[in-house]
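Welcome! Here is a short briefing to read with the sequence and the 3D view side by side. Take your time and find each part as we come to it.

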Amino acid sequence: MIQTHAPATEAVDVATLRDLNQAYLDSVRTGDVERFRQILSEDFLCSPPDGALLDKRQFLELTAGPRTLARLEGEDVRIRLLGDVAIIHAATRYTTLAGPEGRGRYTDIWQKRDGVWLAVAAHVTRL
């Protein structure tokens with residue numbers, strides 16, 4: 001029987017995806033467009049809480065706009081590795097720069113392309 005991913009490789013992939021998940025959250029909070037350029041695929045699509053569908057260019061333009069969050073934390077992060085695709089489900093807690101707190105959920109889809117994990121899709125909700 002041939003395994004597509006050895007357990008050690010899976011552990012490395014999960015650790016990498018945990019780091020990338022945190023980088024994604026940090027980039028949302030700080031408006032780090034350059035980091036997003038590195039971790040988003042060219043065909044990235046995002047469904048933000050308002051129901052729009054943003055491509056990478058639109059998402060980066062939104063990210064470059066005025067910051068709105070003072071704090072953003074992921075909780076209950078679940079990484080599902082499905083070969084060269086990973087799905088990350090998590091809850092969020094955040095504080096806006098104006099002070100109100102909120103929470104939400106997100107699902108991000110990552111794909112390993114040429115040995116590099118890239119975010120290919122994101123869906124965000126606020127509760």
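**The largest pocket and its surroundings**

The lining of the largest pocket is made up of 15 nonpolar, 7 polar and 6 charged residues. Keep in mind that this is a predicted model.

**The pocket**

- The largest pocket holds about 700 Å³ of space.
- In total, 28 residues line the largest pocket, and V28, L62, L69, V124 and R126 are the ones nearest its centre.
- Helices and strands both contribute: α1 (7-30), α3 (56-64), β3 (69-82), β4 (85-96), β5 (101-113) and β6 (116-126) each give at least two residues to the lining of the largest pocket.

**Helix α1**

- Several residues of α1 are buried, including D13, L17, L20 and N21.
- Further along α1, A23, Y24, L25 and S27 are buried too.

**A residue to look at: T95**

- You can find T95 in strand β4.
- Is T95 buried or exposed? T95 has a relative accessible area of 14%, so it counts as buried, the cut-off being under 20%.
- Leaving aside residues up to four places away in sequence, T95 touches L69, A70, R71, P100 and E101.
- One of these contacts, L69, is also among the residues nearest the centre of the largest pocket.

Methods. Residues are numbered from 1 along each chain as its sequence is written. This is a predicted model: local features need pLDDT of at least 70, side-chain atom pairs count only at pLDDT 80 or more; totals for chains, interfaces and linings use all residues. Side-chain values use heavy atoms; hydrogens and water are left out. On a 1 Å grid over the protein atoms alone, a cavity is a set of points where a 1.4 Å probe fits but cannot get out, and a pocket is an open set with protein on both sides within 12 Å along at least five of seven lines; lining residues have an atom within 4 Å of a point. Grid points are joined across faces, edges and corners, and a volume is the space filled by probe spheres set on the points. Helices (H or I, at least four residues) and strands (E, at least two) are DSSP runs, numbered from the N terminus. Ala, Val, Leu, Ile, Met, Phe, Trp, Tyr, Cys and Pro count as nonpolar, Asp, Glu, Lys and Arg as charged, and the others, Gly among them, as polar. Buried means under 20% relative accessible area, exposed over 50%, partly exposed in between (1.4 Å probe, protein chains only). Contact means heavy atoms within 4.5 Å.
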